[in-house]
Amino acid sequence: MSQNPMQFGIMSVSDITPDPTTGTTPSEAQRIKAAIAIAKKTEEVGMDVFAVGEHHNPPFFSSSPTTLLAAIAAQTERLIVSTSTTLITTNDPVKIAEDYAMLQHVADGRMDLMMGRGNTGPVYPWFGKDIRQGIQLAIENYALLHRLWREDVVDWEGHYRTPLQGFTSTPRPLDGVAPFVWHGSIRSPEIAEQAAYYGDGFFANHIFWPASHTQRMIALYRQRFAHYGHGEEKDAIVGLGGQLFIGKNSQDAKREFRPYFDNAPVYGHGPSLEEFSDATPLAVGSPQEIIDKVLGFREYVGDYQRQLFLMDHAGLPVATVLKQLDLLGEEVIPVLRTELAARRADGVPDAPTHAARVEAQGGAREFRPGANRGDNLTDGSPYQDTASLVE
């Protein structure tokens, strides 16, 4: 895959919401099929990433992101599939290690994932956890996951799961490179700190909160990234969320989107569309208005690597979302790529890709179970450079 300094894509929270203009509620099957269609359209219009959240409660459908993302990867050629939340708190890190390494293989490396705590209280006891321990679970579980992808044999003991002795998670990461991890948060400085500690990416939700909040969160992450010795502040890997709705002009966009905004489960029946747009990154208007607002993000977060937009939410029908994607791909994304590239400071790292990370480690390596017993290699290592493999 060719490397892009900046990745653009779509993020979905997987909500099943009635269309306020018709009163029709799609079925789970319809929304799942719609997500696949939206992901395929995301690639078709020239964007780079499709991400879906993880939820285990109605009215959401995405309880198994890896299943959905594997289906999307099989029907696309260059699209990176990702999550807009993988629950590091309620999921067993061993199962995350195995599931997402499998997805990495199935997708030929076209994947990454975003860790998050999850804020839905009842979900925690469903999986035998306590939301009051959310931060501790996030810290301990990710520490284990990080090791499982980098060490072939792990001995481990913690507070929240049974110990591991001589454990190897399978399959091993593709080409000997762990999946790239983003740590996503709406408001948690602890998650920004965790991302900085490991030198991972930090993704600011950047939807419901004002720009000043996002600015502070990313500044904290950049400062701590440098503090932990991963490079300068500009070397930190930053992603942003965002919401938009495009029309031929501002009036048409607001008229069409207003009933969906007014009845949205999270922010509906609160501030007006105009008030919310003024206070948050929500962009509703003409293509040029969308471009101007998104370009403004860089002014308070600096150069960044990934921009994802929330579009299939609040009951918007799939036909409308697909039409929005056409407008986004034709009239907005090409301009944003050009303008952001022109403004980009020297030395800012490109967006992470599997191919680039394989190159950075000196090439692909292939894991062969049992090789460390001497039945495949002579040096005792279970890995071998793929360039030397004999068909």
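These legends go with a handful of close-ups of one predicted model.

**View 1. The largest pocket and what lines it.** Start with the open space: about 880 Å³ of it lies in the largest pocket. The lining runs to 42 residues, and the ones that lie nearest the pocket centre are Val-13, His-55, Thr-85, Asn-119 and Ile-186.

**View 2. Strands and a helix around the largest pocket.** Which element gives the most to the lining? That's β5, with three residues. At least two lining residues come from each of β1 (7-12), β5 (113-116), α4 (123-126), β8 (181-185) and β9 (201-204).

**View 3. Helix α6 against helix α7.** Two packed helices are described by the angle between their axes and the distance between the axes. For α6 (residues 189-198) and α7 (residues 211-227), the axes come within 8 Å and cross at roughly 30°. Angles under 35 degrees count as roughly parallel, so α6 is roughly parallel to α7. The crossing of this pair is right-handed. On the α6 side, the contact uses Pro-189, Ala-192, Glu-193, Ala-195 and Ala-196. Facing them from α7 are Met-217, Leu-220, Tyr-221, Arg-224 and Phe-225. By class, the contact of α6 with α7 has eight nonpolar residues, two charged ones and no polar ones.

**View 4. Helix α5 against helix α6.** Here the axes of α5 (residues 134-148) and α6 come within 11 Å, crossing at roughly 20°. The two helices are therefore roughly parallel to each other, and α5 passes α6 in a right-handed crossing. From α5, look for Ile-135, Ala-138, Ile-139, Tyr-142, Ala-143 and His-146. Their partners in α6 are Glu-190, Ile-191, Gln-194 and Tyr-198. Sorted by class, the contact of α5 with α6 has seven nonpolar, two polar and one charged residue.

**View 5. Two cis peptide bonds, each ending at a proline.** Most residues other than glycine have a negative phi, and most peptide bonds are trans. The bond from Pro-58 to Pro-59 is cis, with omega near 10°. Where does Pro-59 sit? You'll find Pro-59 in the loop between β2 (49-52) and α2 (65-74). The other view shows Thr-170 and Pro-171, joined by a cis peptide bond with omega about -5°. Pro-171 lies in the loop between β7 (164-167) and β8, and β8 is one of the elements that supply the lining of the largest pocket.

**View 6. Ser-14 and its positive phi.** Ser-14 isn't a glycine, yet its phi is positive, at about 65°. This residue is found in the loop between β1 and α1 (28-44). β1 also supplies at least two residues of the lining of the largest pocket, and Val-13 is among the residues that lie nearest the centre of that pocket.

Note on methods
Residues are numbered from 1 along each chain as its sequence is written. This is a predicted model: local features need pLDDT of at least 70, side-chain atom pairs count only at pLDDT 80 or more; totals for chains, interfaces and linings use all residues. Side-chain values use heavy atoms; hydrogens and water are left out. On a 1 Å grid over the protein atoms alone, a cavity is a set of points where a 1.4 Å probe fits but cannot get out, and a pocket is an open set with protein on both sides within 12 Å along at least five of seven lines; lining residues have an atom within 4 Å of a point. Grid points are joined across faces, edges and corners, and a volume is the space filled by probe spheres set on the points. Helices (H or I, at least four residues) and strands (E, at least two) are DSSP runs, numbered from the N terminus. Axes are lines fitted to C-alpha atoms, for helices over the stretch in contact, and angles run from 0 to 180 degrees between N-to-C directions. Angles under 35 degrees count as roughly parallel, over 145 as roughly antiparallel, 65 to 115 as roughly perpendicular and the rest as oblique. A crossing is left-handed if the near helix is turned anticlockwise from the far one by less than a right angle, and right-handed if clockwise. Contact means heavy atoms within 4.5 Å. Ala, Val, Leu, Ile, Met, Phe, Trp, Tyr, Cys and Pro count as nonpolar, Asp, Glu, Lys and Arg as charged, and the others, Gly among them, as polar.
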